[in-house]
Structure formats: C-alpha cells, structure tokens
Amino acid sequence: RRLLWTVILSRILRLLIILRLLTSVENERQKATVQDNLTILASYSGKVVESNLRHAMLEDDFTEVRTLLDTIGSREEFRIVYVMDTSGQVIFAPNGDGVGKHLDYGQPDCQLCHRLPPAERPSSVVLTADDGQRIFRSMYPLENQPECARCHDSDERILGLLLTDITMEPMENALAADLRENLL
C-alpha cells in the first residue's frame, strides 16, 4: 500500500514538473510574441510620427513639431522621445528636455545595435535602463525624400532618427499575472 502511494506521488510530481516546464515555455513564447507585436506597433507608430513630423517640417511649422513631441512625451509610458540627427545629437525632444544632448554610440545601451553592421541592426531592442527598469527601445530612421531637398542634401539617405524608449513594466506585469494564473 505504501509502495502504491509512493508510485502515485512520484507520478504526480513528474506531471507537475512537466506542467511547470510547459507553462514556462508557453510564457516565454508569449513574451516573444509581445515583443514582436511591440516591434510592429513601434514601426507603425514611427511611420505616423515621421509622417506628421515631415509634414510640419515641410510647412516650416516647428511649433507643430514641438507640440507633437510634447504630446507623445506626456504619456508616462514613454521614457524618451528624441529626434536626432545622423551624428547622434538630439534636435527635438518633448518639452526640449535633452535637446543638444549627444548620444555616444559607444554607450552600452547603444552597443546592442551599433556593434553590428548597419544592415544587420534591429529596429528595436529590449534593454535595462540605469534604474533597473526594462525598456523597449525603438529606432526609426528618418529617410530623405525628394521634398526634403530644399533644406537637406539630396545625397543623404538618412536625415536622422526617431528614438523612443517605452517602459516594459505594464506588459511584464500582465505576463507575470498570466504566468501566476497558469501555474495555479
């Protein structure tokens, strides 16, 4: 009788371990899916912002550029919203915070992409900020267009970069809650 209980408990324990492993694997898949969806969303958002920025710049309406960036930057999910030139200098930012700042490609959080050849660089990465918070960084290149030629050299392929840092905390909290629920 004792042997029977030992066998039953052993099998239950094995099943619980297998269920835990499968739940962990599924949770990792969900994390990857969330990050993929964030990448797609960041790309779409970048296109919308870039289109609005381009329109405002073509109209020489730099007040509209500032208003757009201030509106985006007012959302607590956004830690950083920068429009940078090709040298890495911030030329527009919400409320002017960070304008003139020069981002060095040698910084550890920049090296995630800049250690790779340009063609292989991802458009987004997840990194850990100095305060320990995980953030989703999206880099959207601002490509030169024919209508930009009145202010920019037409030989330049890229005019700058839209860089956004979005906190991962709400998504990670939701995934952690899902994991706890699935484990229970």
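L9 is exposed, because its relative accessibility is 52% (buried means under 20% relative accessible area, exposed over 50%, partly exposed in between, with a 1.4 Å probe and protein chains only). L9 lies in helix α1. The model is a predicted one, in which local features need pLDDT of at least 70 and side-chain atom pairs count only at pLDDT 80 or more, while totals for chains, interfaces and linings use all residues. Residues are numbered from 1 along each chain as its sequence is written, and side-chain values use heavy atoms, with hydrogens and water left out.

Helix α1 spans residues 2-58 and includes T23 (helices are DSSP runs of H or I with at least four residues, strands runs of E with at least two, numbered from the N terminus). T23 counts as buried because its relative accessibility is 16%. Leaving aside residues up to four places away in sequence, T23 touches L179, N182 and L183 (contact means heavy atoms within 4.5 Å).

An open sheet is formed by five strands in the order β2-β1-β5-β4-β3, with antiparallel pairing (two strands pair if DSSP finds at least two bridges between them). Strands β2 (90-92) and β3 (124-128) are the edge strands, each pairing on one side only. On average, neighbouring strands of this sheet are turned by 35° against each other, direction ignored (axes are lines fitted to C-alpha atoms, for helices over the stretch in contact, and angles run from 0 to 180 degrees between N-to-C directions). Strands β1 (residues 78-85) and β5 (residues 158-167) run antiparallel and are joined by seven bridges. Helix α1 packs on the sheet, touching β1, β2, β3, β4 (134-143) and β5, and its direction makes about 40° with that of β4.
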